[in-house]
Amino acid sequence: MSNAARYYDRMSERYTQERDKGFLGLLVRRERRAIAAMLEVRPGETVLDAGCGSGDYSQLILELGGIPFGVDISAEMIRIYKARGFQGSQADLASLELNTKFSAILCAGPLEFVPAVGQAVASLTRHLEPGGRMLCLLPRRNIMGALYWLYHR
């Protein structure tokens with residue numbers, strides 16, 4: 001089991017509550033608006049939420065008219081995700097094999113925890129329909145990005 005899987009398994013029960021509080025909550029709300037604008041979800045299209053966590057961005061995808069499917073390395077996060085009524089599976093992004101393609105892919109947050117980023121991006125790309133789009137979010141290389149990284153360490 002990877003360090004990321006252990007970390008998110010441990011914090012799964014309080015993950016959403018932690019993300020909604022204080023300054024982090026402010027940043028998450030800004031990120032949510034940016035994702036809604038950039039992902040451009042079309043009604044009825046399928047969207048892979050790669051690194052879905054407990055489903056906050058899948059909820060956004062649903063609100064925008066999309067059909068989310070989530071994958072996460074943490075078994076506990078997927079348990080919570082499915083309990084919220086979403087379809088998904090536990091998977092490592094570097095070796096993802098879902099045997100389906102999606103109109104769009106959202107990858108908001110997991111790449112900074114993946115040892116083989118190139119493999120993960122290639123794996124995600126294989127799940128994208130021709131003409132599909134992929135939105136990946138990574139922390140900036142500034143003080144805020146450093147604080148984000150330290151928070152998760």
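This is a predicted model: local features need pLDDT of at least 70, side-chain atom pairs count only at pLDDT 80 or more; totals for chains, interfaces and linings use all residues.
Residues are numbered from 1 along each chain as its sequence is written, and side-chain values rest on heavy atoms, with hydrogens and water left out.

The model contains an open sheet of 5 strands in the order β3-β2-β1-β4-β5, with parallel pairing; strands are DSSP runs of E of at least two residues, helices are runs of H or I of at least four, and both are numbered from the N terminus, while two strands pair if DSSP finds at least two bridges between them. At the edges lie β3 (87-90) and β5 (128-137), each of which pairs on one side only, and the twist from one strand to the next averages 20 degrees. Strand β1 (residues 46-50) is joined to strand β2 (residues 67-72) in the parallel sense over 5 bridges, and Val-47 has Pro-68 in β2 as its bridge partner. Helix α6 (residues 117-125) lies across β1, β4 and β5 and runs at about 145 degrees to β5, where axes are lines fitted to C-alpha atoms, for helices over the stretch in contact, and angles between N-to-C directions run from 0 to 180 degrees.

Leu-106 belongs to strand β4 (residues 102-108) and counts as buried because its relative accessibility is 0%; buried means under 20% relative accessible area, exposed over 50% and partly exposed in between, with a 1.4 Å probe and protein chains only. Leaving aside neighbours within four places in sequence, the contacts of Leu-106 include Ile-35, Val-47, Ala-50, Tyr-57 and Leu-137, a contact being heavy atoms within 4.5 Å. The C-alpha atoms of Leu-106 and Ala-50 are separated by 6.0 Å, although the two residues stand 56 apart along the chain.

Ring pairs number 2, counted for Phe, Tyr and Trp (its six-membered ring) when centres lie within 6.5 Å, with planes under 30 degrees apart termed stacked, over 60 edge-to-face and the rest tilted. The pair of Phe-69 and Phe-102 is tilted, because its planes meet at 35 degrees, with the ring centres 6.1 Å apart. Phe-69 is partly exposed at 22% relative accessibility, whereas Phe-102 is buried at 4%.

The structure holds 0 disulfides, the criterion being a pair of cysteine sulfur atoms within 2.5 Å. The sulfur of Cys-136 lies 4.6 Å from that of Cys-107, the closest cysteine sulfur, and is therefore too far for a bond.
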